[in-house]
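Let's take a friendly walk through a protein model, stopping at a few residues along the way. Have the sequence and the 3D view ready.

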Amino acid sequence: MSTPSPFKWRHFLPEIILLNVRWYCRYSLSYRDLEEMMQERGVAVNHSTINRWVLKFAPEIDKRIRPFLNPTNDSWRVDETYIEVKSEWKYLYRAVDSEGNTLDFMLSAKRDGKAAARFFRKVLGAKHTQTSWVTTVDKNAAYPAAMDELKQEKTLEAETELRQSKYSNNMIEQDHRNVKRVVKPMMGFQLFNSARRTLRGIEAMAMIRKGQVKGISQGDSVSQAKFINELFGVIA
């Protein structure tokens, strides 16, 4: 039985839909910016329609690129940054390796040991990651508690080192800037689930931009766009 097309019953060409989702998740653009940009190209689409496209296809991009990601190394940098959801601060946990490649990410309502442990398990469960031999974090007390929990349950080796240093984590703090740059025009999210789904697309586009996809070079935006279209069976 053939898999139904994710574009079925949508009144726009798949390449138009993917173009808007890509641009929204990669650049500092609002939905109204994209509405105007499409009008200049002779495509009349409402900003609320683009919003629905992003919520539908941003998580799909993240899901579909996973099998194509290059392996990361076993030296982790872990940190969290703030994301505004309905006028409240939530926490985006993120991890990169020593070369700046994204390991994984997770939006959490809380910033505590349980959330940190849940994030570590998510990173360890990703197909492109390796178990860490050293993990660098800031002075947040939640991280040692999370590490101890994972070591007790044998998820991590007892020899795995946790390095707490405010200044050694500059790499991932710099990496947060890309997410902040893209999120800024959004003026905060109204729903936690909307934030979670949109951030999946933003992080996926960041991984592609960094050159983490096999056979796609960093900075080759044309090949990157073609790759996403091919993921959905679209020949633009």
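Our first stop is Asn 101, which sits in the loop between β2 (88–97) and β3 (102–108). Helices (H or I, at least four residues) and strands (E, at least two) are DSSP runs, numbered from the N terminus. This is a predicted model, in which local features need pLDDT of at least 70 and side-chain atom pairs count only at pLDDT 80 or more, while totals for chains, interfaces and linings use all residues. Residues are numbered from 1 along each chain as its sequence is written, and side-chain values use heavy atoms, with hydrogens and water left out.

Is Asn 101 buried or exposed? Its relative accessibility is 16%, so Asn 101 counts as buried; buried means under 20% relative accessible area, exposed over 50%, and partly exposed in between (1.4 Å probe, protein chains only). Leaving out residues up to four places away in sequence, Asn 101 touches Thr 72, Ala 95, Val 96, Lys 210 and Gln 212, where contact means heavy atoms within 4.5 Å.

Now move to Trp 133, in the loop between α4 (113–125) and β4 (134–137). Trp 133 is partly exposed, at 46% relative accessible area. Beyond its neighbours within four places in sequence, its contacts include Asp 74, Ser 75 and Arg 163.
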